[in-house]
Amino acid sequence: MKPFMDKNFLLKNETARRLYAVAETMPIIDYHCHLSPQEIAENIPFRNIGHLMLGGDHYKWRLMRAFGIDEKFICGDASDYDKFLAYARMLPYAIGNPLYHWTHLELRRVFGIEDVLNEASAPSIWERANALLATEEYRAKGLIRRFNVEVICTTDDPIDSLESHRAIARDGAFATRVLPAFRPDRAINAARAGFREYMQKLSEVSGVDIRTTDDVVEALSRRIEYFHACGARISDHGLDSVPHACFDRSKADRALAAGLMGHAVRAGDLDAYRTLVLVALGNVYHKMGWAQQYHLGALRSNNRRMFERLGPDTGFDSVADAPFAHDLSRILDAQDATASLPKTVLYCLNGTANPVIATMAGNFQGDGIRGKIQFGSGWWFCDTLPGMVDQMTSLASLGLLSQFVGMLTDSRSFVSYPRHEYFRRILCNLIGEWVENGEYPADMEALETMVKDICYYNAKRYFGL
């Protein structure tokens, strides 16, 4: 029997262990996350380990609810200590869930604590971790430094001033580059509550009087230029549903007019508006040399009662199963038809669609760019051991795993960086299995180069960072 999470954790063969010795030394480029740039700029301290490990982490909240823990100890008014104890009480029952591994990687890599977390060990772990959190090196920037993070790309609204990013850039003692990423979802979802008020703000910050779809694109283009000047090279789109590729400008303008008046927007008009704005923005990204990211397949805020109580992003989202291949193909093709399809990363929350994404990427490769269209890493509910293996196996089977830009955290937590270790171990073991099964030559020089690329260099080159 192997010890729990020893130095060869998840590395089941000698080739995997040799490759991981290379992978573990590579810097991290976290090209998509939800860390708060303001909290980084302010170098916030953390009250305690409960605040650090549980604050904003809806992955953990979901498991606590599944264990029957009262909401008071999840997003309620219980103390941080009682919430931490509640999580520790649940954790031993999370066998097979990545959070069991992630939590213990966080304890080991952040605090040097190798105890197994449970209700009995929680008080001691609480005291030891909190003693470290009271020190300067365990504030926000110090935690980032611990993991050799070279670049962080946050997720930022077009109307954001980006003042926090400028403040971080002025800190000569902090080597990690923290760059904005452009997330224009609120300008694209004309039927969403608050659209009218949001567009008024966009008009103000861009200096564009927004009346037509072309005006929206102009306003967003000006903000893209501003973001570019602040270091941005990546956009991000949450496409919970892919619009039905309707290229009708009159319908698009009608959707915008309805949204600006706070009226209901017809479904067909909304499709036209979303389609035309997405395609136009793709053209702008191409011109600027950016990469765009499309996150597909989330079904969000399913529990209305809890949404009204807690708001979005609190652990009540799930996997969607609506077909999207045809419409996604038409939207990408519309950008490609004018030779203005930018580098694009496609993620899907529904693992059954892995072959759809992998083959869709292959339709639009080219322009002398290696891996121009990327099949993004296992995302959210697919960010598991089998989920990552399935994603990489599909990519290898239907494309080129060697050109993959690798892992990202997609996290709001300052202690999520051990997930890169988790990914790198899984990657090395997968490649090691192929080699030791005689499916690829044992050319260690070529294999080590490939692993370095997937863990670091591919992302550095692809995103121009």
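Student: Which helix supplies the largest share of the lining of the second largest pocket?

Tutor: The model is predicted, and its second largest pocket has a volume of about 280 Å³. This pocket is lined by 15 residues, of which Tyr20, Glu24, Ile28, Phe147 and Glu421 are the closest to its centre. Five residues, the largest share of the lining, come from helix α19 (residues 418-436).

Student: Which residues lie nearest the centre of the largest pocket?

Tutor: The largest pocket has a volume of about 1100 Å³. Helices α2 (37-41), α3 (49-54), α4 (58-66) and α10 each supply at least two residues of its lining, which divides by class into 11 nonpolar, 13 polar and 13 charged residues. The lining holds 37 residues, and those nearest the centre are His34, Arg300, Pro312, Asp313 and Arg412.

Student: What is the volume of the largest cavity?

Tutor: A search of the whole structure finds four cavities of 30 Å³ or more. The largest cavity is lined by Gly55, Gly56, Asp57, His58, Tyr59, Asp410, Ser411, Arg412, Ser413 and Arg419. By class, these lining residues are one nonpolar, five polar and four charged. The volume of the largest cavity is about 80 Å³.

Student: The charged end of arginine 419 sits over the ring of which residue?

Tutor: Arginine 419 is one of the residues that line the largest cavity. Its charged end sits 4.0 Å from the centre of a ring, and that ring belongs to tryptophan 102.

Student: How far from the ring centre of phenylalanine 174 is the charged end of lysine 141?

Tutor: Here a lysine takes part, and the charged end of lysine 141 sits over the ring of phenylalanine 174. The distance from the centre of that ring is 5.3 Å.

Student: How many residues apart in sequence are the parts that the pair of phenylalanine 182 and phenylalanine 227 ties together?

Tutor: The whole structure contains 21 aromatic pairs. One of them joins phenylalanine 182 and phenylalanine 227 edge-to-face, with 5.1 Å centre to centre and 85° between the planes. Phenylalanine 182 lies in the loop between β3 (177-179) and α10 (185-188), whereas phenylalanine 227 belongs to helix α12 (residues 213-229), so the pair ties together parts whose separation in sequence is 45 residues.

Student: What is the angle between the planes of tyrosine 462 and phenylalanine 463?

Tutor: Both tyrosine 462 and phenylalanine 463 are buried. They form an edge-to-face aromatic pair with 5.0 Å centre to centre, and the angle between the planes is 90°.

Student: Which residues of β5 are buried on the side that includes Ala291?

Tutor: In a regular strand the side chains alternate between the two faces of the sheet. Strand β5 (residues 291-296) is mostly covered, with six of its six residues buried. One side carries Gln292, Tyr294 and Leu296, all buried, and the buried residues on the other are Ala291, Gln293 and His295.

Student: Which residue of β8 stands opposite alanine 291?

Tutor: Strand β5 pairs with strand β4 (residues 234-239) in the parallel sense over six bridges, and alanine 291 is the bridge partner of isoleucine 234. Six bridges also join β5 to strand β8 (residues 343-348), and these two strands run parallel. In β8, the residue opposite alanine 291 is lysine 343.

Student: What is the relative accessibility of methionine 5?

Tutor: Most residues other than glycine have a negative phi. Methionine 5, in the segment before α1 (14-23), has a positive phi of about 50° although it is not a glycine. Methionine 5 counts as buried because its relative accessibility is 7%.

Student: What is the relative accessible area of leucine 10?

Tutor: Leucine 10 also lies in the segment before α1. Its phi is positive, about 70°, although leucine 10 is not a glycine. The cut-off for buried is under 20% relative accessible area. Leucine 10 is therefore buried, its relative accessible area being 14%.

Note on methods:
Residues are numbered from 1 along each chain as its sequence is written. Side-chain values use heavy atoms; hydrogens and water are left out. Rings of Phe, Tyr and Trp (its six-membered ring) pair if their centres lie within 6.5 Å; planes under 30 degrees apart count as stacked, over 60 as edge-to-face and the rest as tilted. Helices (H or I, at least four residues) and strands (E, at least two) are DSSP runs, numbered from the N terminus. Buried means under 20% relative accessible area, exposed over 50%, partly exposed in between (1.4 Å probe, protein chains only). A charge sits over a ring if NZ of Lys or CZ of Arg is within 6 Å of the ring centre and within 35 degrees of the ring normal. Two strands pair if DSSP finds at least two bridges between them. On a 1 Å grid over the protein atoms alone, a cavity is a set of points where a 1.4 Å probe fits but cannot get out, and a pocket is an open set with protein on both sides within 12 Å along at least five of seven lines; lining residues have an atom within 4 Å of a point. Grid points are joined across faces, edges and corners, and a volume is the space filled by probe spheres set on the points. Ala, Val, Leu, Ile, Met, Phe, Trp, Tyr, Cys and Pro count as nonpolar, Asp, Glu, Lys and Arg as charged, and the others, Gly among them, as polar.
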